[in-house]
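Here is a short report for a reader new to this structure. Please look at the sequence and the model first.

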Amino acid sequence: HAAISLAGEPTMYDRLSELLTEFKRRNFTTFVVSNGTFPEKLQALSEEPTQLYITVAAPEEEIYRKLCRPLLPDGWSRLLRSLELLNSFSCRKVIRLTLVKEFNMCKPQLYADLIEKSNPDFVEAKAYMHVGFSRNRLQMTNMPSHNDVLEFAQEISRHCGYKIVDQSTESRVVLMKK
């Protein structure tokens, strides 16, 4: 297995298609985890991964700007374009919701709308973890408990056709599927 999730954005790697092709030649399964900043790069892939993740860290632009602090002024619209592209992929597609207590665990209907429009195979709701560079601007108290994640996933589920099919208490992750 190869998880391709660089520090930053893996679609910035100009030879991503070649890398996916080489992994496939060697019988690897590949997982690309993108923040959706470069939809044109996703669209240009000549080789699909086994599974494509798009991370969604906000239900709307205002929260996205506050939490993600995008370098590109049109970051939200780029993310929306990446989500729209999901239907064009034949590989497994996942929306990963990174949930941060006191920041983005609100407006479940808006998350549900994004999910329904992009039609992924799975939705993974996961707790923010207080590691790496994020420790410079977020606190340990911003890490939701597994129960917080589960309750929020249940709320999203009530607003869309995705149901909870699995969870990991230790990892603070809830998996939903249509």
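Start with strand β4, residues 92–99. Seven of its eight residues are buried, so the rest of the structure largely encloses β4. Keep in mind that this is a predicted model.

Strand β4 has a parallel partner in strand β3, residues 51–56. Six bridges hold the pairing of β3 and β4. Among the bridge partners, L97 goes with A125 of β5, and V94 goes with F122 of β5.

## From β4 to β5

How does the chain get from β4 to β5? The path leads through helix α5. This β-α-β crossover is right-handed.

## The whole sheet

How many strands form the open sheet? There are seven, in the order β1-β2-β3-β4-β5-β7-β6. Their pairing is mixed. Two strands stand at the edges: β1 (2–4) and β6 (163–168). Each has a single partner strand, so one side of each is left without a neighbour in the sheet. On average, neighbouring strands are turned by 20° against each other, direction ignored.

Strand β1 contains A3. Is A3 buried or exposed? A3 has 68% relative accessibility, so A3 counts as exposed. The C-alpha atom of A3 is separated by 9.7 Å from that of P49. Along the chain, A3 and P49 are 46 residues apart.

## Aromatic pairs

The count of aromatic pairs comes to three. One of them joins F23 and F28. Their ring centres are 5.0 Å apart and their planes meet at 40°, so the pair is tilted. F23 counts as buried because its relative accessibility is 19%, under the 20% limit. F28 is partly exposed, with a relative accessible area of 34%.

Another aromatic pair is formed by Y111 and F152. Which geometry does this pair have? The pair of Y111 and F152 is edge-to-face, with 85° between the planes. From centre to centre, the distance is 5.7 Å. Y111 lies in helix α5 (residues 108–118). F152 lies in helix α6 (residues 146–159). Y111 is buried, with a relative accessible area of 1%. F152 counts as buried too, at 8% relative accessibility.

Technical notes. Residues are numbered from 1 along each chain as its sequence is written. This is a predicted model: local features need pLDDT of at least 70, side-chain atom pairs count only at pLDDT 80 or more; totals for chains, interfaces and linings use all residues. Side-chain values use heavy atoms; hydrogens and water are left out. Rings of Phe, Tyr and Trp (its six-membered ring) pair if their centres lie within 6.5 Å; planes under 30 degrees apart count as stacked, over 60 as edge-to-face and the rest as tilted. Buried means under 20% relative accessible area, exposed over 50%, partly exposed in between (1.4 Å probe, protein chains only). Helices (H or I, at least four residues) and strands (E, at least two) are DSSP runs, numbered from the N terminus. Two strands pair if DSSP finds at least two bridges between them. A crossover is right-handed if, with the strands pointing away from the viewer, the path from the first strand over the helix to the second runs clockwise. Axes are lines fitted to C-alpha atoms, for helices over the stretch in contact, and angles run from 0 to 180 degrees between N-to-C directions.
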